[in-house]
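Visitor: I have a model open and a few spots I'd like to go through. Can we take them one at a time?

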Amino acid sequence: MQQAGTNLPKVGRYNRAVVLDQIQLVDGISRVEIAQQTGLTPQTVSGIVRRLLDEGIVREDGASRVASGGKPRTTLRLNAEAGSAVGLHFDPIELTCSVVDLRGQPLVVKKRPTPPGIDPSQAVTAMAELVAEVLGEADVPRDKVLGLGLATPGPIDQELGMIVTPPQLAHWTRVPMQKLLSDATGLPVTMDNDATAAAVGERWSGAGKGVANFAYFFFGTGIGGGLILNHQVYRGGSLNAGEFGHSSVLPEGPECYCGNRGCLERLVNPSAIVAEVHRRLADRPRDDSELSQAFDRNPASVDHPAIRLAAAADDPVAAAVIDEAAERVASVAVSIANFIDVDLIVLGGHGIQHVESRYVDVVASALATRPLSRSIRVVEVKASPLGTDAAVVGAAALVLHSTYSPQLSALLAH
């Protein structure tokens, strides 16, 4: 990557983003504290804050705090009503849309099934209809909508705004989704893979808020990942970093569509978990557990949601399979801790609904005993507070992040 200088207008925009980022990250902060946190002069901070107040993005809440031995300080907060963003999560199973305010809090969330075998034109039509429906229900004026964020299966070509041959979407080859969706909705579109989008959502309004370095595991139809390093989204050379699901955890395991064998995703995705539970139920003697009886009546009823609920209720078969999946996730988490030395690992997405604590407990145990740096500090593990809405809130947060957060890449680019 070529190193580049910068110019004063870019520095000014960057400093504005740094100040706004501090106000967004802390629920109530003074001008003096912003200067202390950022290293900017009090005069620079005051000038930036004055402009943010004039634009209505930031508000003074009328309260003040007294520092020890100092005079009262006016508290600044983000004005949640100053703008909004639309998020779309395009999953091969489900299409979800949300409108969030400036703090990343959802105003409306709507879901509908993704039709099997959907083609790009059908997908764009369904997306545009859902966006219009959600904006109507949220009653948000169009001039307050900053843009539309799309979280989609990868791999994607960020520079061209294309979805590039996603393995779970047949016949999708280099689809210019960013332009198609922008034309259909009339909104500027920011696009990223669903796991990175969810990580951005965690940074904006979830478990990763204010954390400098964290990794995010997204459990959906597949297993994805996102990285925030030094408060910046890390995307890598092709902008597709974070494919934690394609770490090989069983060298002699089943072949994965990526070309590896025994990939984490291949072993712990919903279909694999269902297949393993069915195998164990078919092989074990009949018992009176609810899951076993349901399997005897109708094997199809023992699907992934039913298995997660059964594991949460301590069904022995379901719990054993989920815990085994969690152990495999833990192996990858330990590798991430060793390779990247993050402070936090966040687990989220609809694929671990109801069994978040089982995954967190197993991963936390591994991180407390196996990384090389454990005697210096233990990497923390948290379940995403955004829950099943992690990817769609993250999609909307892509817009907020690109609009308001400090971007080193923009500062250094020509």
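Visitor: Which helix does Glu327 lie in?
Guide: This is a predicted model. In it, Glu327 lies in helix H11, residues 316-340.

Visitor: And is Glu327 buried, exposed or partly exposed?
Guide: Glu327 is partly exposed, because its relative accessible area is 42% and that class runs between 20% and 50%.

Visitor: How far is Glu327 from Ser365?
Guide: Their C-alpha atoms are separated by 9.7 Å. Along the chain, Glu327 and Ser365 are 38 residues apart.

Visitor: Switching to Ser384. Where is that one?
Guide: Ser384 sits in the loop between strand E14 (380-383) and helix H13 (390-404).

Visitor: Buried or exposed?
Guide: Ser384 is buried, since its relative accessible area is 9% and the limit for buried is under 20%.

Visitor: What does the side chain of Ser384 make a polar contact with?
Guide: The side chain of Glu202, at 2.3 Å.

Visitor: Which residues is Ser384 in contact with, leaving aside neighbours within four places in sequence?
Guide: Glu202 is on that list as well, along with Tyr216, Val346, Leu347, Gly348 and Ala390.

Visitor: Helix H13 came up there. Where is Thr403?
Guide: Thr403 is in helix H13. Its relative accessibility is 39%, so Thr403 counts as partly exposed.

Visitor: Which backbone oxygen lies 2.7 Å from the side chain of Thr403?
Guide: That of Val399; the 2.7 Å runs from this oxygen to a polar atom of the Thr403 side chain.

Visitor: How far apart are Thr403 and Leu160?
Guide: In space, 19 Å from C-alpha to C-alpha; in sequence, 243 residues.

Visitor: What about cavities? How many of 30 Å³ or more turn up in the whole structure?
Guide: The search finds 2.

Visitor: Which residues line the largest cavity?
Guide: The lining is made up of His89, Asp91, Glu94, Thr96, Lys111, His350, Thr388, Asp389 and Val392. By class, that lining has 1 nonpolar, 4 polar and 4 charged residues.

Visitor: And what lines the second largest cavity?
Guide: Phe219, Gly220, Ile223, Val268, Pro270, Ile273, His304, Gly351 and Tyr359. Here the division is 6 nonpolar, 3 polar and no charged.

Visitor: What about phi of His231?
Guide: Phi of His231 is also positive, near 70 degrees. His231 is found in the loop between E11 and E12 and counts as partly exposed at 27% relative accessibility.

Visitor: Since we're at H3, how many residues does it have?
Guide: Helix H3, residues 42-55, has 14 residues and reaches 20 Å from its first C-alpha to its last, close to the 20 Å expected. Its buried residues are Val45, Gly47, Ile48, Val49 and Leu52.

Visitor: Last one, Gln158. Where is it?
Guide: Gln158 is in the loop between strand E7 (156-157) and strand E8 (162-163). Its side chain reaches the backbone oxygen of Met191 at 3.4 Å.

Visitor: What does Gln158 touch, not counting residues up to four places away?
Guide: Gln178, Met191, Asp192, Arg235 and Leu239. For Arg235, the C-alpha separation from Gln158 is 9.9 Å, and the two are 77 residues apart along the chain.

Key: Residues are numbered from 1 along each chain as its sequence is written. This is a predicted model: local features need pLDDT of at least 70, side-chain atom pairs count only at pLDDT 80 or more; totals for chains, interfaces and linings use all residues. Side-chain values use heavy atoms; hydrogens and water are left out. Helices (H or I, at least four residues) and strands (E, at least two) are DSSP runs, numbered from the N terminus. Buried means under 20% relative accessible area, exposed over 50%, partly exposed in between (1.4 Å probe, protein chains only). A polar contact is a pair of N or O atoms within 3.5 Å; within protein, one must be able to donate a hydrogen and the other to accept it, and residues adjacent in sequence count only if both atoms are side-chain atoms. Contact means heavy atoms within 4.5 Å. The expected span of a helix is 1.5 Å times one less than its number of residues. On a 1 Å grid over the protein atoms alone, a cavity is a set of points where a 1.4 Å probe fits but cannot get out, and a pocket is an open set with protein on both sides within 12 Å along at least five of seven lines; lining residues have an atom within 4 Å of a point. Grid points are joined across faces, edges and corners, and a volume is the space filled by probe spheres set on the points. Ala, Val, Leu, Ile, Met, Phe, Trp, Tyr, Cys and Pro count as nonpolar, Asp, Glu, Lys and Arg as charged, and the others, Gly among them, as polar.
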